[in-house]
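Work through the following exercises with the sequence and the coordinates at hand. Each task is followed by a worked solution.

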Amino acid sequence: MPWRILQHSSRIDISEAIRMPTTESEALIDLSGVVFSRGSNRLFNGVDLQVRRGEVVAIMGPSGTGKTTLLRLIGGQLRAAAGRVAVDGQAVDQLSRRDLYRLRRRMGVLFQSGALFTDMTCFENVAFPLREHTDLPETLIRTVVLMKLEAVGLRGARDLYPGELSGGMSRRVSLARALALDPEIILYDEPFAGQDPISMGALMQLIRQLNDALGLTSVVVSHDVDETLRIADRAYVISGGEVIAAGTPEALRHSESRWVDQFLNALPDGPVPFHYPAPPIADDLCGEGR
Amino acid sequence: MIGMLQRLGASTLETAATLGRAVLFLLRVLRGSGELIRRPGLLVHEMYSVGVLTLVIIVVSGLFVGMVLALQGYYTLVDFGAEQSLGVLVALSLTRELGPVVTALLFAGRAGSALTAEIGLMKATEQLAGMEMMAVDPEHRVIAPRLAAAILSLPLLTVIFNVLGVTGAWLVSVNLLGVDGGSFWSQMQSQVSFSDDILNGLIKSVMFGVVAGWIAVFNGYDCRPTSHGVSRATTRTVVVTSLIVLGLDFVLTALMFD
Amino acid sequence: MDNSRTMEIAVGAFVAAGLAALFVLAMQVSNITAFQRTEGYTVDAYFQNVGGLRERAPVSLSGVQIGRVSAIRLDPDRFEARVELTIRSEYDNLPSDTAARVRTSGLLGEQYVSLQPGGMPDSLGPGDEITLTQSALVLEEIVGQFLYEQSSGDDQ
């Protein structure tokens with residue numbers, strides 16, 4: 001392994017130093033005018049979003065804005081009602097099943113829950129995509145799996161079952177599995193949710209360093225503002241089905257928007273109301289509501 | 001009144017939609033089961049959890065069902081001096097009806113519910129979605145081997161059940177009640193036909209295997225991915241499988257033994 | 001992996017047990033035992049009516065089973081039922097004038113072929129014909145005959 005993981009002292013420096021050069025034209029993931037509804041609830045109402053090759057792009061927004069749905073749109077598990085979702089120039093929702101599956105091999109997804117197979121050891125979990133998609137001999141699979149586990153610092157945990165791992169560890173194993181086929185794109189779904197500060201730090205560093213060292217392109221969906229902004233090159237803030245702010249973390253921090261201000265500074269009330277829409281409480285309590 | 005009509009209509013539509021999804025699902029799974037020939041290891045793994053682990057309950061129930069049949073049959077037949085026909089009675093009841101049906105019911109309770117719960121939990125914990133994003137089709141990788149294992153296991157379990165039932169009946173009637181062993185077997189052999197009784201029973205159990213496996217994997221795959229959804233799907237698997245097996249058995253019997 | 005090895009062995013044993021069970025059903029429970037009838041020789045017997053006699057019904061002598069009915073078919077020339085009896089080879093000294101009749105075990109039991117040995121010195125061999133036969137009793141015929149005799153008796 002050419003890079004060292006968990007060098008605490010140089011966490012930010014390394015990521016600053018090896019940042020990949022990006023050119024404007026290379027939009028690896030390109031969403032334009034995406035509309036998506038779930039039932040009567042319109043989740044996206046014309047979302048435009050570009051991810052260039054080599055970037056770490058954060059997609060942020062309050063819970064329930066459909067950030068996970070956005071990842072599923074990119075992965076082709078859901079279809080947009082209107083608009084275009086393209087990965088590497090191919091419109092995801094128009095691909096045949098075969099081509100879609102071929103495209104998915106170039107993507108790794110880190111699910112919120114880790115989505116590890118509970119009846120397999122960590123080793124078998126990481127080996128799973130290799131066994132499914134390659135005819136590598138067992139010795140080579142072993143080598144690859146151990147390297148991937150080493151990259152996330154869990155080579156020693158290879159014989160444990162997912163149930164024996166902490167939340168942070170299982171997310172790292174899941175990351176190793178996502179990396180098993182050497183993808184070009186990694187999608188992270190809430191990688192920091194419910195993590196203690198130490199594993200959060202480890203994950204942050206992993207996301208940034210893997211992206212840079214392996215030349216990946218990363219999309220991080222999260223509502224953990226500080227952590228996400230520290231590793232992202234650019235960030236989109238989504239609310240009410242639209243992108244309401246986009247830009248570098250620096251630009252977002254100085255945004256004029258009251259909304260972005262509320263979100264980034266964790267103010268309980270503001271443009272995003274504290275209350276779920278409801279009739280006035282006086283009506284409700286006096287029995288007018290129903 | 002209108003409300004009742006509306007509810008009836010809604011549930012009819014719902015049922016029709018579920019049925020449609022189940023049929024499409026089965027077709028997709030069957031299309032993906034060609035992969036099993038290439039990778040028999042997947043099937044072996046599922047045969048273990050679906051078939052081998054169900055064996056204990058099948059062995060015990062088979063033995064006891066046979067013993068009880070012999071005991072009850074004896075008390076009735078002995079009044080007519082026809083206790084030699086005990087073997088025929090037990091063997092025909094087992095191979096034609098009880099073997100396939102009871103095995104399918106036990107199978108639904110033991111293996112079907114486990115299949116539903118397993119698949120439902122895999123869905124709830126995003127394992128199926130994760131697999132899909134790893135470009136592995138869960139319908140081929142997870143569902144197809146389980147369905148095939150159910151279809152293969154149920155007939156095997158049924159024959160084992162039948163043999164143990166006959167053995168149980170033999171133990172009780174010959175060793176306990178003093179029925180003549182020679183006529184027990186010879187009457188059985190002269191009355192039970194391999195093609196009419198045993199093969200038809202076997203065909204029944206293959207059909208039940210398809211039904212039980214299909215219902216189990218579909219309910220798991222179609223359930224709402226919550227703990228409540230999984231538990232409801234598991235219950236539904238057992239109830240629906242039992243009802244359909246009993247209904248189908250009636251139809252098949254009417255068709256086979258006219 | 002050791003684990004998958006035991007699993008494979010268990011599944012193998014399971015499948016083998018299932019096939020063995022099917023074999024037992026075929027051989028011990030059902031009448032496919034006909035395949036193992038090599039032991040013995042066959043003789044033919046012609047009956048005017050075999051009643052409810054079925055293939056694989058027992059053939060007995062003095063109540064002891066000595067063989068089985070191996071085939072029943074209609075002889076197109078004589079318009080009689082040709083019943084093929086397979087007698088176990090240890091009973092190879094049945095007299096050639098042995099008689100055969102179709103009888104019912106008990107009132108409601110199955111029908112079988114009962115043999116009565118004659119007194120001839122030479123014995124039945126493979127392919128021989130039993131000439132003395134008595135058909136099955138058909139209840140309607142007996143009742144019909146009885147009624148006929150009753151009515152003819154009234155005339156006198």
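The exercises below concern helix packing, aromatic rings and the chain interface in a predicted model.

**Exercise 1.** Describe how helix α7 (residues 138-176) of chain B packs against helix α9 (residues 194-222) of chain B.

Solution. Begin with the geometry: the two axes come within 8 Å and cross at roughly 150°. Next, assign the handedness: α7(B) passes α9(B) in a right-handed crossing. Then list the residues in contact. α7(B) contributes B:P138, B:E139, B:I143, B:R146, B:L147, B:A150, B:I151, B:L154, B:P155, B:T158 and B:V159. On α9(B), the contact residues include B:L202, B:F208, B:W214, B:V217 and B:Y221. Finally, classify the contact residues: 15 are nonpolar, four are polar and two are charged.

**Exercise 2.** Identify the residues that form an aromatic cluster in chain B, and the arginines of chain A that lie over rings.

Solution. Start from the total, which is six aromatic pairs over all chains. One cluster consists of B:F25, B:F218 and B:Y221; B:Y221 also belongs to the contact of α7(B) with α9(B). Turning to chain A, the charged end of A:R97 sits over the ring of A:Y101, 4.7 Å from its centre. A:R177 lies over the face of A:F117, at 4.7 Å from the ring centre.

**Exercise 3.** Characterise the interface between chain B and chain A.

Solution. Count the residues: 17 of chain B are in contact with 23 of chain A. Then take the buried area, about 1,800 Å², of which carbon and sulfur atoms give 55%.

Definitions and conventions: Residues numbered from 1 in each chain as written. Chains lettered and ligands numbered in written order. Predicted model: local features only at pLDDT ≥ 70, side-chain atom pairs only at ≥ 80, totals over all residues. Heavy atoms only, no water. Axes fitted to C-alpha atoms, helices over the stretch in contact; angles between N-to-C directions. Helix = DSSP H or I, 4+ residues; strand = E, 2+ residues; numbered from the N terminus. Left-handed = near helix turned anticlockwise from the far one by under 90°. Contact = heavy atoms within 4.5 Å. Nonpolar A, V, L, I, M, F, W, Y, C, P; charged D, E, K, R; others polar. Phe/Tyr/Trp six-rings, centres within 6.5 Å; stacked < 30°, edge-to-face > 60°. Lys NZ or Arg CZ within 6 Å of the ring centre and 35° of its normal. Buried area = accessible area lost by both parts, 1.4 Å probe.
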